[in-house]
There are 2 protein chains.
Amino acid sequence: VPTAFESAIAVEETSPGLYGVTVDPGWSIGERPNGGYLMALVARAAVAASPHADPLAISAHFLRPPSFGPGVVDVDDLRIGRSVGFHNARLIENDETVVDARVTTGRLPKDDPEWVGQEAPQMPAPEDCPRGKPTTPDGTYISLFDRLEVRYDPATVMWAVREGGRQDPVLRAWVRIDGDDTDAYAVAIAADALPPAVFALGFRGWAPTVEMTTYIRARPAPGWMRVAVHTQLLAGGWFDENALVWDADGRLVGQARQLAMVGRQRKGRPGADANDR
Amino acid sequence: VPTAFESAIAVEETSPGLYGVTVDPGWSIGERPNGGYLMALVARAAVAASPHADPLAISAHFLRPPSFGPGVVDVDDLRIGRSVGFHNARLIENDETVVDARVTTGRLPKDDPEWVGQEAPQMPAPEDCPRGKPTTPDGTYISLFDRLEVRYDPATVMWAVREGGRQDPVLRAWVRIDGDDTDAYAVAIAADALPPAVFALGFRGWAPTVEMTTYIRARPAPGWMRVAVHTQLLAGGWFDENALVWDADGRLVGQARQLAMVGRQRKGRPGADANDR
């Protein structure tokens with residue numbers, strides 16, 4: 001029996017290079033599917049088209065606000081090498097491309113790393129960390145947080161509990177999908193699962209991502225992942241967000257960076273200004 | 001009179017969306033054009049096709065070993081928004097796509113950043129830093145280092161001067177193009193200008209990049225840029241490399257990450273195994 005996550009990223013080839021998918025409303029923030037979920041979905045289609053078994057890198061342009069329901073992922077093989085495959089993978093909904101991604105496929109390493117420069121952060125145990133709530137104070141329903149258990153390092157979310165709170169845009173959390181369902185695709189969703197770190201600076205509202213690139217470096221061990229995100233620069237309304245993901249064994253399994261715009265707060269209409277770019 | 005760098009990334013529209021280019025041998029490591037140079041070149045073509053003035057993000061797949069001489073950049077506009085343009089830009093040589101890039105165009109911020117989390121590193125003055133030499137001990141000619149003045153923070157290149165030297169894969173350097181020719185495209189080349197940081201771990205040889213994504217965050221002030229690169233994980237022969245670029249005013253102007261394979265040393269044939277993937 002497939003898990004909820006496996007079902008949500010299931011693909012079915014309908015003709016060569018075309019994969020039928022269903023954008024599941026269960027992995028969303030308000031009316032918008034999570035970007036990491038969509039990246040996992042297009043990567044799943046690219047791997048289905050590839051002779052290689054694993055996703056190594058996914059870089060995505062978010063062209064239009066995505067919606068729920070049936071869609072198609074159109075995969076073009078750019079080049080298939082002996083150990084690496086390069087693919088374009090476009091998620092098409094209502095005849096429009098909403099996500100245009102480039103996916104690298106290959107084989108994830110199984111052996112211990114030869115060099116590690118980034119150790120997993122020390123955090124209080126998950127049960128001592130507050131859980132991300134599926135409903136925000138302004139009434140937005142985050143279905144993602146029903147499927148994904150997110151437990152914040154309390155030191156990084158003081159801004160959320162103090163009136164007018166501000167701190168550096170750094171967030172850390174434990175993240176677990178559906179119990180223990182942590183395959184390689186789970187890394188893509190974990191890398192985009194936390195709220196924008198610029199919330200710590202007082203910004204709120206939907207922060208549309210224009211580009212995100214995620215590297216998957218190993219298949220995660222089952223259990224709690226740790227995710228750390230931070231923003232290095234906010235200028236002219238643009239901010240970056242850098243994410244690292246470690247698995248339950250403390251192994252670095254994912255690296256990601258995205259470029260996004262700070263949102264304008266629009267009560268009850270998250271995502272509205274993704275359209276206004 | 002255009003500078004050498006401006007000439008090297010010049011594009012000429014030959015038909016709608018098609019840009020004639022010349023891959024200049026002056027920005028190379030051995031027989032291979034520098035990847036950052038090629039990213040600057042395809043970004044230049046995308047901006048020529050865009051109503052927006054600046055490159056914001058470039059994510060590139062390196063499909064095949066590039067060569068010197070005439071080529072074409074084929075630009076497809078994926079979506080043109082009011083403040084952001086999304087483009088595919090493919091560098092085609094001898095009827096084959098060698099670089100397949102996705103370029104985001106827009107307008108770079110001019111005002112001071114609203115938040116900075118990553119200050120420029122402190123380094124000895126450029127004149128106290130050893131210069132990257134255009135010829136390596138194995139006889140490879142790095143024409144890039146004739147055009148680009150690279151001066152290493154001595155603390156980060158001890159591995160190069162001690163027999164069997166090893167240290168953490170972290171490199172810092174001053175980088176200056178052609179005197180003071182630092183436009184937005186210079187950021188793309190600076191982000192890929194240093195040797196692979198894994199050289200500090202004892203690896204040598206060509207390290208083929210499969211994916212690189214560079215964000216350009218501001219137009220750099222004229223003069224010396226500072227570049228810091230580090231590797232977070234080396235596993236199964238794959239390594240990442242993270243680069244930050246600051247301008248002469250100490251402003252963060254670029255962020256990049258690439259995924260590459262450690263090279264096998266092949267004397268006098270850098271780039272040979274980029275073909276063997």
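**Figure 1. The interface between chain A and chain B in the predicted model.** Of the interface residues of chain B, 100% are also interface residues in chain A, so the copies meet through the same surface. Here, contact means heavy atoms within 4.5 Å.

**Figure 2. Chain B superposed on chain A.**

**Figure 3. Helices and strands of chain A.** Chain A holds 16 strands and 5 helices. Its radius of gyration is 18 Å, close to the 19 Å that the globule rule gives for 277 residues, so chain A is as compact as a globular protein of that length. The C-alpha trace spans about 55 × 45 × 40 Å along its principal axes.

**Figure 4. Burial and contacts within chain A.** Of the 277 residues, 63% count as buried. Buried here means under 20% relative accessible area. Take the contacts between residues at least 6 apart in sequence: 68% of them join residues at least 24 apart.

**Figure 5. Charged side chains of chain A.** There are 37 negative and 28 positive side chains in chain A. The centres of these two sets lie 4 Å apart.

Methods
Residues are numbered from 1 along each chain as its sequence is written. Chains are lettered from A and ligands numbered from 1 in the order in which they are written. This is a predicted model: local features need pLDDT of at least 70, side-chain atom pairs count only at pLDDT 80 or more; totals for chains, interfaces and linings use all residues. Side-chain values use heavy atoms; hydrogens and water are left out. Helices (H or I, at least four residues) and strands (E, at least two) are DSSP runs, numbered from the N terminus. The radius of gyration is taken over C-alpha atoms; the globule rule is 2.2 Å times the number of residues to the power 0.38. Buried means under 20% relative accessible area, exposed over 50%, partly exposed in between (1.4 Å probe, protein chains only). Lys and Arg count as positive and Asp and Glu as negative; His and the chain ends are not counted. The place of a charge is taken as NZ of Lys, CZ of Arg, CG of Asp or CD of Glu. Copies are superposed by least squares on the C-alpha atoms of residues with pLDDT of at least 70 in both.
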